[in-house]
Amino acid sequence: MAKIDLSNISHSYNPNDPNPVFALNPFSMTWENGNRYAILGPSGCGKTTMLNIVSGLVRPSAGRILFDNKDVTDLKTEDRNIAQVFQFPVIYNTMTVYENLAFPLKCRDFSKSKTDERVNSVAETLNLKSFLNSPARKLTADQKQLISLGRGLVREDVAAVLMDEPLTVIDPDLKFRLRRNLKEINEQYKTTLVYVTHDQNEAMTFADNIIVMSEGEVVQAGSPKELFERPNTTFVGYFIGSPAMNLFESEASSNDSVKINNTLIKTNTNLSNLKNKNIKLGIRSEFIKIAQNQNENLVEVNVEKVEDLGNYKLITAKMGNFIIKSKVTRETEIPTQNIKLHIPAEKCCVYEDNKLI
Amino acid sequence: MNKLYIFLKYFFIVVWTVFVVAPFLWALTTSFKDFQSVNGGVTYIPWVDFEPNLEGWKVLVKSPAKGGVDIIEPYFNSMFVTCTASLISIILGTLSAYALSRYTFKAGFVKNNDITFFFISQRIMPPIVLSIPFFLFLSSINLLDSLTGLIVVYIVLLMPIAVWIMVDFFNKVPREIDETALIDGCNPYQAFLKVVLPNSIPGLIVAGMFCIIFGWIDFFFAFILTFTEVQLLPVKIVALNSSVTPWWSLSASALVSVAPLIIVAFIVERYLSKGNLSGAIK
């Protein structure tokens, strides 16, 4: 277990080229001991590169990695004491489940009794106890993935367990159970877990810290609540949340209000230092409600369709040329013609050049 | 339609079986015939068409002094050369294949695929092209007409097969296996020996099978590079031929010479039926 510092890390797969293409733009970050982190982003955004840099499979073109303030940048993978779980279960086909779980300890010359104790304890947590003596290749895909995970947990002093989309191959209902399992393991063993995913639901339910990446750049790092309510960029607003954040091209009209289609919307953002007038207003559909008795921040819209999605209703409406989406409770009666929606000022995010002001 | 399909299916199976089995049966009966039953018109069934005798077989083990040909020594020579060369080829081939599959090499415009192709290209050349260089090479190091010399040449011939099969096989073993082993604390050598290699046993068996087959059946180089001191089985069998072709002992020796390959085929077939090899051959 360790605190992991990534300081000014960047990586390019062609560093000697005069115009190197960066898979990972320079960034710095600290992962505290015992926390759960999720790295979230679309495919090809540099998530796996970041993970491989931490585990040592890839050496960064620049920057240092520190485990508990000790520089490990030049240390080989096998000397870093890190665990990594890949997208597809990687097990040692020729060994039994027990041998698979014991392998990391065997490589590190643990005593037989210590190995026994650790393997049994981990097998207990992962419900693999009854399979210990079966050949690992006979197990189902999700059990194999548990073995991969177990190999990470079997070392008590492991610096962190890195997971690269570990639940891709697993059935949805089992996914849910495993995610809960992972949380329990994190609480029980106080292991730092780093979880790479492109599925925001997975990230939101699993992690207490989410790092959002896009095109090799760390766009925002923060708690799920922060990412949801105050996305740093329009990309985060768009990528996180279902449906995506409502974004409207708008114009600043005073120090704290913007104009969309001639409707004035008051915000809590100070707009006096804007460089250009063309900005975007972002608001989560969760915060938009049908107007009751408010008298400002109202927009008149044409309801296009209403979807009943089980635990909520999703209104899709048209406001001029903009589409606006609003999530309301199932009980809400929705008039079919024109309605007024209320946009709360404190939930409005204003973006200049796609960055939060 | 369906019936026609079944009929055709079995028809072809039967034709193919006859095609494969008939020569063996023919050699088997011929090996028990004598001069009269071979040259005096066609005979098929023992005890009915002809009286079987063991003369053809006895000749194979009798020493030349007593009029025999004694294939026992060439037989063991062949086995020794084939097994040693195959073993060394598999070891060297597996190591090279692993390197070619996992690491990137570059020397000018030559890259991994070119190196792999270079190995295979050794088998694309007609063997006759290699005969003179090999002859001169062996004579310069005084290894003509020796088992060691033959082993050296066979390694050159067999290693491309091992490299070819194993590169393909290692490419199909996910890199994550190696990476996981490194993460679990192995050094690269342990990762290869403890994790990758045990996972590659099916590939090793296929490669080994091919090496043994190609080593065992080689006549050309054994014929060119040996004279009197050392003889391999294929050469000895050909040498059986004389002014009067001894069909009976030729047949017997042919059967004896395919026997080891049949045993190898049975062993490998057991792995095949377990499904262990399906991935290795596809």
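Reply: Helix α1 of chain B is hardly covered: of its 30 residues, two count as buried. The structure is a predicted model, and the description below should be read accordingly. The helix runs over residues 2-31 of chain B and reaches 43 Å from its first C-alpha to its last, close to the 44 Å expected at 1.5 Å a residue.

The domain assignment of chain B gives domain 1 as residues 23-53 and domain 2 as residues 72-281. Between the C-alpha centres of these two domains of chain B the distance is 37 Å. Their contact involves seven residues of domain 1 of chain B and six residues of domain 2 of chain B. On the domain 1 side of this contact, α1(B) gives the most, with four residues. By class, that side of domain 1 of chain B has three nonpolar, two polar and two charged residues.

Two further places in chain B deserve attention. D145(B) has a positive phi of about 60° although it is not a glycine. D145(B) is found in the loop between α6 (127-140) and α7 (147-172) of chain B. It is partly exposed, because 16 other C-beta atoms lie within 10 Å, and a residue counts as buried at 20 or more and as exposed at 12 or fewer. V238(B), in helix α12 (residues 233-239) of chain B, is also partly exposed, with 13 other C-beta atoms within 10 Å. In sequence V238(B) and K66(B) are 172 residues apart, and their C-alpha atoms are 20 Å apart in space.

Chain B meets chain A through 15 of its own residues, which are in contact with 17 residues of chain A. On the chain B side, α8 (175-183) and α9 (188-199) each supply at least two residues. The largest share of that side, six residues, comes from α8(B). Its composition by class is seven nonpolar, five polar and three charged residues.

Of the 357 residues of chain A, 42% count as buried. Among the contacts in chain A with a separation of 6 or more, 65% join residues 24 or more positions apart.

Chain A is likewise assigned two domains, domain 1 (4-234) and domain 2 (243-356). The C-alpha centres of domain 1 of chain A and domain 2 of chain A lie 39 Å apart. Five residues from domain 1 of chain A and nine residues from domain 2 of chain A take part in the contact. The domain 1 side of chain A divides into one nonpolar, three polar and one charged residue.

An open sheet of six strands in chain A has the order β13-β12-β11-β14-β20-β21, with antiparallel pairing. The strands β13 (263-266) and β21 of chain A stand at the edges, each with a single partner strand, so one side of each is left without a neighbour in the sheet. In general, strands of a sheet pair through backbone hydrogen bonds. Within this sheet, β11(A) and β12(A), the latter covering residues 257-260, pair in the antiparallel sense over two bridges. A252(A) stands opposite V258(A) in β12(A).

The peptide bond from S242(A) to P243(A) is cis, with omega near 0°, and P243(A) lies in the loop between α8 (234-239) and β11 (246-252) of chain A. In general, most peptide bonds are trans. D353(A), for its part, has a positive phi of about 50° although it is not a glycine. The loop that holds D353(A) is the one between β20 (349-352) and β21 (355-356) of chain A. D353(A) is exposed because 12 other C-beta atoms lie within 10 Å, and a count of 12 or fewer is the cut-off for an exposed residue.

Terms used. Residues numbered from 1 in each chain as written. Chains lettered and ligands numbered in written order. Predicted model: local features only at pLDDT ≥ 70, side-chain atom pairs only at ≥ 80, totals over all residues. Expected span 1.5 Å × (residues − 1). Contact = placed C-beta atoms within 7 Å. Domains from an automatic or database assignment. Nonpolar A, V, L, I, M, F, W, Y, C, P; charged D, E, K, R; others polar. Pairing = 2+ DSSP bridges.
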